[in-house]
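Hi everyone, thanks for coming.

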Amino acid sequence: MNEQSPAMELVHLLRAVTVEFDLLGAEFAARHGLHPTDVRALIHLLDAARAGTRATPGWLGGQLRLNSSGTTALVDRLERLGWVRRSRDTADRRRVLLEVEEEAARLGWAFFGPVIGEVVASAEGFEADELETVRRFLSSAWESARRTRSA
């Protein structure tokens, strides 16, 4: 591969952005006594809520590639720290649902809100067709990473 090609430049920029966001996540975790996996779990749960997905411990374990005992330990820890709550599914009382506590979401926004605001402000400077191109590229990169991880 040509390291100087425009496509490779995008790959390197995407990697750099990923590293910076990972470092931000690690800093957030350290400030709040969390493990990086705890932060990833919170992100998955917030994304699930935004998408209308009913998040169960089994679903979360699948997202994080954790076995049942690892997922239970993770959820127990997050619940004990007040970051997550368990509730019974009203449609199926045998099923437990997971939700991020309001205070956890508030702390997340207090920490990540400024960078999110800057990224949104930057994106608002792009034309609709440019944003669509960026969306297509990021979606393609995300799918490529998911396929590779699943292989």
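I'll go through some charged pairs one at a time.

Please keep in mind that this is a predicted model, where local features need pLDDT of at least 70, side-chain atom pairs count only at pLDDT 80 or more, and totals for chains, interfaces and linings use all residues. Residues are numbered from 1 along each chain as its sequence is written, and side-chain values use heavy atoms, leaving out hydrogens and water.

How many salt bridges are there? The count is 13, taking a salt bridge as a side-chain nitrogen of Lys or Arg within 4 Å of a carboxyl oxygen of Asp or Glu.

Let's start with Arg 50, which pairs with Asp 47 at 3.0 Å between the closest N and O atoms. These two are three residues apart in helix 2 (residues 36–51), about one helical turn; helices here are DSSP runs of H or I, at least four residues, numbered from the N terminus. Arg 50 is exposed at 68% relative accessibility, while Asp 47 is partly exposed at 34%. For those words, buried is under 20% relative accessible area, exposed is over 50%, and partly exposed is in between, with a 1.4 Å probe and protein chains only.

Next, Arg 94 bridges to Asp 92, with 3.0 Å from N to O. Here Arg 94 is exposed at 73%, and Asp 92 is partly exposed at 22%.

Now over to helix 6 (residues 128–150), where Glu 143 and Arg 146 sit three residues apart, about one turn. Their side chains form a salt bridge at 3.6 Å, N to O. Glu 143 is partly exposed at 32%, and Arg 146 is partly exposed at 36%.
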